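Please have the sequence and the structure open.

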Amino acid sequence: MPQPPDTETVLVIDFGAQYTQLIARRIRECHVFCEIIPADTPAEQIARRQPKGIVLSGGPASVYEPNAPRADMGIYQLGIPVLGICYGHQLMSYQLGGVVEPSERREYGRTELTVIEPEDPLFADFGTRLTCWMSHGDKVLQPPPGFQVTAVTESTPVAAMADPARRFYGVQFHPEVHHTPFGKQLIDRFLKRVCGCRGDWTPGNFVEQAAEEIRRQVGDGHVLVAVSGGVDSMTVAALVYRAIGGERLTCVFVDHGLLRAGEAEQVRETFSRLFPVHLVYVDARERFLERLKGVEDPEQKRKIIGETFIRVFEEHADELRGCEYLAQGTLYPDVIESGATKHSATIKTHHNVGGLPPDMRLKVIEPLRYLFKDEVRAVAAELGLPEEVVWRQPFPGPGLAVRIAGEVTPERLEMVRAADKIVLEEIWRAGLMREIWQSFAVLPAVRSVGVMGDQRTYAHPIVVRAVVSEDAMTADWARLPYEVLERISNRIVGEVPGVNRVLYDITSKPPATIEWE
Ligand code: XMP
């Protein structure tokens, strides 16, 4: 994958740890660009990228297993600083001649670390007693020649090691997780003190580089952006506008009637205010509802919505025909999860609108493909998008249809939309929108008895779901303050006709998913 031009880069070699993405995020938070690359990347290929540093990630294997992933030995000859983390620490020890002890017993959780080389550039001024997060079985018993032990724990004799001359460092613990309080600073020190990074990967610099890249990619071609109302596609539209102006940019917005309250109006308003761009607005609300009539199965609903999108695009193909490029809001986690770091041909052409007609043959450009969600928000703010867009929560392409159990009818849609609006308003009012990944209302397919005034009711419950997450792969239910939950509950029951009960979903992902369908 080509890196953005003129950017200092750190490469993270992935040995399959669940925390590898977190390492990349922490590096980006230090304003250094990084990419995750597969374990078997040849050293020559790494050398061509001229990285400022290399990080060896953790991983579930044991270095002595016959099929354990190994870094190309050539990386240790490049004169580039290396930081090994957990499995990466063990692997570097093993590959450079240290002794690693295989073990069935795990050291897991918060662990006290004793620094024995207080002058070490990674640990200087931290004090000698620190708390770190451990999660490993095997351990390094003896560092390779040239290394000195810099920190120990009660059961790990080489909890950290350093070879300052070659600029090689290894840590057995996980600096990338929040449970290692000094971890982010340690990573920052590796990047700045050891690798000599400037740390100038900022949203402003990204915008200029990305605009330049878009101009180079599309030449004098026309670009189509399918906007969904979410922050990713709006940021793509704003970025392409910044790069080539409005004359050669067409945006299409299909209103499938399954959006959140006020969303369609906001997309149109933002467009007319911020960029004088041709927006093809397609009001397909009735059509989608008609197609969803009588359909209860979640998969069937998704399929119908995806297909209907394609039909709608086909019918508007003439208006879109002049475009040669499709710019879409693929993010870095999509690239990683689709295995694109391993096989660059298989990048997921995933986007919210459910697909374009196959005969349109558009060349895809993905200006946000290097970014994590929080970086997209920073870029969106840099581009002047309003706060409501910048902090808009992720929203599934099939929209409210997957938040209504059973058939989607206008009445049920209205109910869930009105409840959803209240949930979001209260989250904003409580100032929680930056902490909450997603918060919304779900309408399950049951009814229960209640009493309102003197009347017995037999009406619907609304389930409130609010989660915290870094990337939607895993999520935890948000510990919302009781007062916020109370206001949400009172308002929903008081303001949404047909609802007599409010429940709060306290399940994490896994085992549940974020959405209900
Ligand atoms: P789950 O429910 O699988 O969702 O935990 C993970 C994230 O993906 C979003 N999501 C979708 N996004 N099309 C999308 O564009 C979809 O069909 C879809 N289904 C779920 C969900 O909102 C969450 O952010």
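First, the element numbering: helices are DSSP runs of H or I of at least four residues, strands are runs of E of at least two, and both are numbered from the N terminus. This is a predicted model, in which local features need pLDDT of at least 70 and side-chain atom pairs count only at pLDDT 80 or more, while totals for chains, interfaces and linings use all residues. Residues are numbered from 1 along each chain as its sequence is written, and side-chain values use heavy atoms, with hydrogens and water left out.

Now the pocket. A pocket here is an open set of points on a 1 Å grid over the protein atoms alone, where a 1.4 Å probe fits, with protein on both sides within 12 Å along at least five of seven lines; lining residues have an atom within 4 Å of a point. The second largest pocket has a volume of about 1000 Å³, counted as the space filled by probe spheres set on the points. It is lined by 35 residues, and the closest to its centre are Leu 22, Ser 469, Glu 470, Asp 471 and Thr 474. Which helix gives the most to this lining? Helix 1 does, with 5 residues. By class, the lining has 14 nonpolar, 8 polar and 13 charged residues. Nonpolar covers Ala, Val, Leu, Ile, Met, Phe, Trp, Tyr, Cys and Pro; charged covers Asp, Glu, Lys and Arg; the others, Gly among them, are polar.

Next, helix 5 (residues 203-218). Axes are lines fitted to C-alpha atoms over the stretch in contact, and angles run from 0 to 180 degrees between N-to-C directions. Helix 5 packs on helix 12 at about 80°, with the axes 9 Å apart. That makes the two roughly perpendicular, a label for angles of 65 to 115 degrees. In contact, meaning heavy atoms within 4.5 Å, are Pro 203, Gly 204, Phe 206 and Val 207 of helix 5 with Ala 378, Val 379 and Glu 382 of helix 12.

Helix 5 also crosses helix 6 (residues 231-244) at roughly 70°, the axes coming within 8 Å. The contact of helix 5 with helix 6 has 10 nonpolar, no polar and 3 charged residues.

Last, helix 14 (residues 410-429) and helix 15 (residues 482-495) pack at about 150°, with axes 10 Å apart. They are therefore roughly antiparallel, the term for angles over 145 degrees. Their contact has 6 nonpolar, no polar and 6 charged residues.

Conventions
Parallel < 35°, antiparallel > 145°, perpendicular 65-115°, else oblique.
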